[in-house]
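User: I would like to learn how to read the sheets and the chain-to-chain contacts in a model such as this one. Could you take me through them step by step?

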Amino acid sequence: MTNVPEAGDAGRVLPLDGMRVLEIGGGVPAAFATRWLTGYGADVVRSEGPADALDRDEEIALLTGKRRIGVPDAQLRALALAADLVVEDGKPGALAARGLDPLALRAQKPALVITSLTAFGQTGPHASCEATNLVAHAAGGILSLTGVRRRPPLANGANQALKLLGLHGFAASLTAYFGALVSGEGDWIDLSAQECAAGLLEFHGPRSAVDGLPAPRLGNRTTAIWGIYRCLDGFAGVCSLQRQARALLEGIGDPELLAPRFLDPMERMKDDKELGRRVESFFAGKTKAELLALGLRQQVPFGAVLTPRELLESDSLSERGFFDEVATPDGVARVPGRPVLGLEWKSGALAAPAADTDAVLCDWLGGAA
Amino acid sequence: MKRLPLEGVRIVDLSMMWAGPYATHLLGEMGAEVIKIEAPRAWDNVRTLFPISGPEPWNASFYFNDYNREKKGLTLDLTQPRGRELLLALVAKSDAVIENYRADVLDKLGLGFEVLRRARPDIILVSMAGFGKTGADRELVGFGPIVEQMAGLASLTGYGDDGIPYKTGISYGDPVGGTAAAGALVLALIQRRRTGQGACIDLAQRETMAQMLPEAFAAASLRGEEPVHRGNRHPVWAPQGVYPCEGKEQWLALSVRSDAEWRALCDVIGANGLVGLSLVERRARHDELDARIAAWSALQDGAAAQAALQARMIPAARMLDSDSIHWDAHLLARDFWDFMPHPRMQPNAQPAPAWRLVEANPRPRRPAPLFGEHNREILCGLLGVPEGELAELAAAGVIGDALIGAGVG
């Protein structure tokens, strides 16, 4: 196991210095799962998938800091055995067909962790089904809850089924890797986009499991005090629990809203539509900034619907050093960098496809290359 | 039986609602011993979010039970000196502490990182406030849907013809933040194993949510792109959409990624006159093609339509809702739903670990704790508190097995 810590840039020790990760691309899930590993010091090597597996913006966002190779399958197998973690998102059986059967690799190197990311998992009647982000999203249940009742269910933006799978891939892979450091035994992780989502239906999932009734789509308004409304310069939202309801209604400034029928949580449900109209009217006369200030003053969760462009200008994100800069042929892109503060992080450059083949073969396989 | 990767790791869980509890739920599934801290006057709100009948409604919440499995329950009033003292004694015997209070709360309780570190020099603290511990927005209050709005995702989601951004139908920021927090905690464990150093991790849920749309930031910074609401359509392929099926609220998701898939779809739906359309033409006539597909799908059973399309290698799935997902043949075949017994509730279908370690095979092991269920085990067994002190602690309200001032919401 290559777990000897080595100093990263400028003598800093990064959490994953010395860890070797092979990403067998691959679309968004595998690329997303390994993106943070490279920032935290792992040597992430991406074996390219189909040319159109990622679009240009996804490449910039997800491949920065990785080394990129193009090798035949025999060498890929040798690299897998030189790695601590292999992450792949091919169809079930695809890896084995290339001579990289996960169980065989594990038998040869017990400390190895292999993470397989698919829409439906490695087993079961749908395992070999064709899937896209939208298809996986539909199978996972979250789609059924998003959008409004009189219209079709609505997928949320930016390929969330694939990202969620990748996010779980990141955390599950690290957890198994930690176990391998402790015990010397890795594992093969079978993650499916459907299962990563199916357990996330909030109260709707367990409630339907009890009463057998499917939850409806509620659009932007779960209740009057839990929703998104139009405001003067766009859209803003509020999410108030009962413990914050009085502060919210006081903040709106209409004395009638302090009546028991609005303050009591059970009574309020009877008049939810009326309250919704009043909250809507209140939001319509305020700006996002005014609503956020009100939330701060009243200690009630208010939010504003912000765009990526607005967030790129956010003082708070800038102060926290959230964005990394990536040089591209089209200019400097700014993309999310470290996911948390408190652990050393390094930003990286975007390599060209297969640019690092020789160096990786030399570093990982030495004379065997 | 092969050991789970986090066996031997003890985590003090001060978190409430969903984001933090989801993180510790994942970590518990992987073998960590998670001790959930609540107090008689400050319980996890999820216990009482909905009205539940019975003598101990706070112990019979299906919602709470789903996301707090694999944990032990300890009550400690952290506003009282003895409660804080006992918490620090527990921290001294633990590997990590996780909390999702508002940014200023842990310090105000007198339990900031430096205090925790005096109790255990290599402790790992994961704080996961909505907007982080620093920065201009740190004092804002945030739940999952707020985080989603403030991180840019809602701005990318919409039908496209009404200009309205939409939130996800769940508090999506919570499980995203929770999953990232679980990973960050393990990262710190790996680092500690190598360096001997603990860590103070500041996770802003808004930032982990923004990480879920990194390509949108690339597009915005390079080309000044503003969000485009595409409904369910794909930016390149066509057609793609969610189409009605036979029955109430039955839907089919379908994507066509190539000319070959388009030809196969035309054959399945009986649209042979359209088979020659190029991608450019399909994109230009998307409304018309949607209507044609919907006319076919509306007469089909969703599962049968899925099978017919998949037989021709066309990506398609019947949309599962919060009920039908419990009866999905594929998930049942994979033994995804578990019926864990619970001392106060009838068993209901709960998700098994999504992190399928093929060899270690983690399965649900314990239901969510009753309120204060493990007080004696942890206080007397782990911390050495004399049995006789338990009554004093209960009388002072430091511990308890019932809520004080319970209501709904």
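Predicted model: local features only at pLDDT ≥ 70, side-chain atom pairs only at ≥ 80, totals over all residues.

User: How is a sheet read, and in what order do the four strands of the open sheet in chain A stand?

Analyst: One begins with strand order and the sense of pairing. In chain A the order is 7-8-9-10, and the pairing is antiparallel. The twist from one strand to the next averages 35°.

User: Which strands stand at the edges?

Analyst: Strand 7 (221–223) and strand 10 (302–304) of chain A do, and because each has a single partner strand, one side of each is left without a neighbour in the sheet. The partner of strand 10 of chain A is strand 9 (residues 234–239), joined to it over three bridges in the antiparallel sense, and within this part of the sheet A:Ala236 stands opposite A:Ala304.

User: Which helix lies across strand 8, strand 9 and strand 10 of chain A?

Analyst: That is helix 14 (residues 288–298) of chain A, which runs at about 155° to strand 10 of chain A.

User: How many residues of chain B are in contact with chain A?

Analyst: Chain B contributes 119 residues, in contact with 123 residues of chain A. On the chain B side, helix 7 (residues 173–195) gives the most, with 16 residues, while the residues of that side divide into 69 nonpolar, 31 polar and 19 charged.

User: Which strands pair between chain A and chain B?

Analyst: Strand 6 (residues 188–192) of chain A pairs with strand 12 (residues 356–357) of chain B, antiparallel and over two bridges; here A:Asp190 stands opposite B:Arg356.

Methods: Residues numbered from 1 in each chain as written. Chains lettered and ligands numbered in written order. Pairing = 2+ DSSP bridges. Axes fitted to C-alpha atoms, helices over the stretch in contact; angles between N-to-C directions. Contact = placed C-beta atoms within 7 Å. Nonpolar A, V, L, I, M, F, W, Y, C, P; charged D, E, K, R; others polar.
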